[in-house]
Amino acid sequence: MDLVFSLLINGLATGMLIFLLAAGLTLIFGLMDVLNFAHGGLFIWGAYTGVWFYQMSDSFLLAIMVSIITGLLLGLITEKLIVRPVYGNHIQQILITLGFMLVLQELIKVVFGPDQKAVFPPGWLQGSFMVGDIVIIKYRLFIIVLGFLVFFLIFFILKRTRIGLIVRAGVIDKEMIQSLGINIRFVFMLVFMVGAAMAALSGMLHAPYSGVIYAEMGLEFSILAFIVVVIGGMGSFTGSLFAALLVGLAQAFMAYYFPALSLAVNMLLMATVLIFRPQGLFRVKG
Amino acid sequence: MNLRSIERSTWIYIAIALLLFIVPFIVTGRSMQFILIQIFIFGIFAMSYDLLLGFTGIISFGHVMFFGIGAYSTAISLDRFDSTIPALLLGVVLALVIAAIVSFIVGILTLRLKSHFYAMLTLALAGLFLVAAEKWRSLSGGNDGFTFRLPELIRDSQSQYFLCLVSLIFIFFGLRRLTKSPFGKVLMSIRENEQRTESLGYTVLHYKVIASVVSGVIASFAGVLYIISLRFVNTSVFATDLTIDVLLMTIIGGVGTLIGPIIGAGLVEFAHHWLSGLSDVHWIFERWIILYGTVYILVVIFFPLGIVGTIQAKLFGRTVTKGLKDNKSKVS
C-alpha cells in the first residue's frame, strides 16, 4: 500500500512539472494557433538562471522569483522577435520556433558551460516525513502544492477577471473578440509571457527534483508537454492539468512495474487519444 | 521517345550529372570524395524532406527516424549475416519496408489533423527511437554503436561515390517526375489550399499519407547509403541535429524545388567541414549550432524562398514556388 502511495506522490509531482510546461503551451496555442517549439528552451533557461541565483544567494524562494522573471523576459523577447514576424503562417512559425529552441539550448552551453550541474533542494525541503507508515518526500509534496496553487491562481484569473474572460473568448473565436475592439495581439503577448514564466518555473522546480540539469533536458521535457497538450485537447487549460497528471502517473507506475514499457506508455496514450478522440479529452467548445 | 519533348532544364541536369561522373577521376583525395558522397546522401535525404515540406506543406520534425531506421536495418543485417551482397539487399529491403510501415502509421494517425500534430508526433517518435536505440543494447550496441564489414563490391570510396551518385540521379528524376505528374499537382494544391482541394473531390488524406510514405522510404534509403559510407553505426543517426541539418538544407536551398535541397546539402556539408576546422581559431565555432540556428531563423523570416526559389523568382519574374509563404486561409 505504501508503495502505491509513494508512486502516486512521485507521479503527481512529475505530472505537476509537466503541467506547468504544458499549460502555457496549450494557452498560447489555443489563443493564436501558435505552437511554440521553443517552450523547452524557456524551461532550461528558467532552470539555469534560477539555479545560478540559488547557488549564489542560497535563497530558494528568491531563485524561483528570478526564474519566473527570466521566463517573463524571455517570453517577451520570443514573442516580439520570433513569433510576431511570422504571424498567421503556420509553417514558418513551427520552423522558426524550433530554430529558436536550438539557439536557446546552445546559448545555455555558452553562458553556463556544457557540463551537467548537480542541484540539491534547500535544507528546509530536504528529507521526508512519515504519515502513518507512508514516507512522504518533502520536496515532491512542495512541487505538488505549488503546482496546484499555480493552477488555481490561473484558473481564478481565467474564470473571474476581465482579462481571463477575453482570453477564454479569444480561444473560442478570436476574430469576434477583435471586432469587439479588443487588441488581441496585446492579450496574446501577455499570455505568451505568462506561459513562458510557467515554463521557467517548471524548469526551476525540476532542477532539484531530478538533481541535475543539462541543456538537452528542455527538448526531452517539452516532448512530454506536447503529448500532454495532444491528450488534454489543444487550448484546454483544465485538460492540460488532467492529462499532465495522467501522463505523470502512468510514467511513475510503469517505470516501477514494467520498466521496459515506461518509454512507450506515453506514446501509446497519445496514439490512443489520436485514434479515438483526436480533438483531445477536453475539447474547447466554440 | 521524342527528344524535343524533354525540357531544357532536363538537359542541364543531365550535363551536370555526366560531369559528376568524371569528378572522381580528377579529384582523387579521399576526404574530398567523402564530402561529395555525404553531399549526395544528404541531397537524397533533403529531397525526401522537400517532398513533404515543399510540395505537400507537411512539417516533420522526426524525419531523422526514417534515416535511422534505414541505417540500423542495414547495419544490423550486415553485422548478423556475413558481409555479402544478399545480406546488404536484405537490409535494404528491411529498411524500406519498416520505414514504409512506420510512416504509414504516423501519417494515418495525424495527417487528418492540423499540421501541428504531425510535427509534434514525429518529434516525439524520433525521440522514442533514439531512446530505444540507446537502451536496446543487444540489437543496436547502444551509444557506442558498432562497426561492420561491407561487401567487397562497395568497399572502396570510388564505387561508393558512383553508388550514391547513381542513387541521387535516379531519385532526383523520379521525384521530379512524381511532382510534375497529376499526383504532384494534387500535392501542391493541398499545400496551397487544403479545403479547396478537398471540395474539388480529392481525398486529401490519401494523398498526404502517400507523400509521407514515399518521403519516409526515400529518407530510409538515404540512411542506408549513409551507413555504407561510414561503415559504422551509433545512435547519432537518430539525433535531432540531423533533422536540423536537413531542415536547413531544404530551406536554404529553396523548398519545393528539388534541386534546391541538393544545393543546400552541398552548402551545409561544406560549412560543416570548414566550421569544424575553424574551432581552433575561436571557441564559438565549436558551438556552430548557434550559427546554424541564427542563419536558419533569418532565412525563415527574410529569405523564405531559399536560393533556388529566389533565383527562379528573379529569372522568370514570378514565384514558381510559394516557398514557406503559405496561404493565410489555413489560419482558422
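This is a predicted model: local features need pLDDT of at least 70, side-chain atom pairs count only at pLDDT 80 or more; totals for chains, interfaces and linings use all residues.
**View 1. Helix 4 of chain A meets helix 13 of chain B in a left-handed crossing.** On the chain A side, look for Gln92(A), Leu95(A), Ile96(A), Gly99(A), Phe100(A), Leu102(A), Val103(A), Glu106(A) and Leu107(A). Facing them from chain B are Ile289(B), Ile290(B), Gly293(B), Thr294(B), Tyr296(B), Ile297(B), Val300(B) and Ile301(B). Sorted by class, this contact of helix 4 of chain A with helix 13 of chain B comprises 12 nonpolar, 4 polar and 1 charged residues.

**View 2. The contact between the chains draws 33 residues from chain A and 37 from chain B.** On the chain B side, the elements that supply two or more residues are helix 4 (85–110), helix 5 (115–135), helix 11 (240–253) and helix 13. Which of them gives the most to the side that touches chain A? That is helix 5 of chain B, with 12 residues. By class, the side of chain B that touches chain A divides into 24 nonpolar, 8 polar and 5 charged residues.

**View 3. Within chain B, helix 11 packs against helix 13 at an angle of about 40 degrees.** Their axes are 10 Å apart, and the crossing is left-handed. Helix 11 of chain B brings Ile244(B), Leu248(B), Ile251(B) and Ile252(B) to this contact, while helix 13 of chain B brings Tyr292(B), Tyr296(B), Val299(B) and Val300(B). How many of these residues are nonpolar, polar or charged? The contact has 8 nonpolar residues, with no polar and no charged ones.

**View 4. Helix 2 and helix 10 of chain B cross at roughly 170 degrees.** Helix 2 spans residues 30–56, helix 10 spans residues 204–230, and their axes come within 9 Å. That angle makes helix 2 of chain B roughly antiparallel to helix 10 of chain B. From helix 2 of chain B, the contact includes Ile37(B), Ile41(B), Ile44(B), Phe45(B), Tyr49(B) and Leu52(B). Among the residues that helix 10 of chain B contributes are Lys208(B), Val214(B), Ile218(B), Phe221(B), Leu225(B) and Tyr226(B). The class count for the contact of helix 2 with helix 10 in chain B is 15 nonpolar, 6 polar and 1 charged residues.

**View 5. Chain A, with its annotated transmembrane regions, has 11 helices and 4 strands.** The radius of gyration of chain A is 19 Å, close to the 19 Å that the globule rule gives for 286 residues, so chain A is as compact as a globular protein of that length. Its C-alpha atoms fill a box of roughly 60 × 45 × 35 Å along the principal axes. An unreviewed UniProt entry lists "transmembrane region" for several spans of chain A, including residues 94–112 and 221–249. Residues 94–112 of chain A are 100% helix and 0% strand, with end C-alpha atoms 27 Å apart. For residues 221–249 of chain A, the end C-alpha atoms are 15 Å apart, and the span is 86% helix and 0% strand.

**View 6. Chain B holds 14 helices and 2 strands.** The radius of gyration of chain B is 20 Å, close to the 20 Å from the globule rule for 332 residues, so chain B is as compact as a globular protein of that length. The C-alpha trace of chain B spans about 55 × 55 × 45 Å along its principal axes. Here too an unreviewed UniProt entry gives "transmembrane region" spans, among them residues 12–45 and 161–179 of chain B. Residues 12–45 of chain B are 91% helix and 0% strand, with end C-alpha atoms 22 Å apart. Residues 161–179 of chain B are 100% helix and 0% strand, and their end C-alpha atoms lie 27 Å apart.

Definitions and conventions: Residues are numbered from 1 along each chain as its sequence is written. Chains are lettered from A and ligands numbered from 1 in the order in which they are written. UniProt positions are given in the numbering used here, feature names are shortened, and annotations may be inferred rather than shown by experiment. A crossing is left-handed if the near helix is turned anticlockwise from the far one by less than a right angle, and right-handed if clockwise. Two residues are in contact if their C-beta atoms, placed from the backbone, lie within 7 Å. Ala, Val, Leu, Ile, Met, Phe, Trp, Tyr, Cys and Pro count as nonpolar, Asp, Glu, Lys and Arg as charged, and the others, Gly among them, as polar. The radius of gyration is taken over C-alpha atoms; the globule rule is 2.2 Å times the number of residues to the power 0.38. Axes are lines fitted to C-alpha atoms, for helices over the stretch in contact, and angles run from 0 to 180 degrees between N-to-C directions. Angles under 35 degrees count as roughly parallel, over 145 as roughly antiparallel, 65 to 115 as roughly perpendicular and the rest as oblique.
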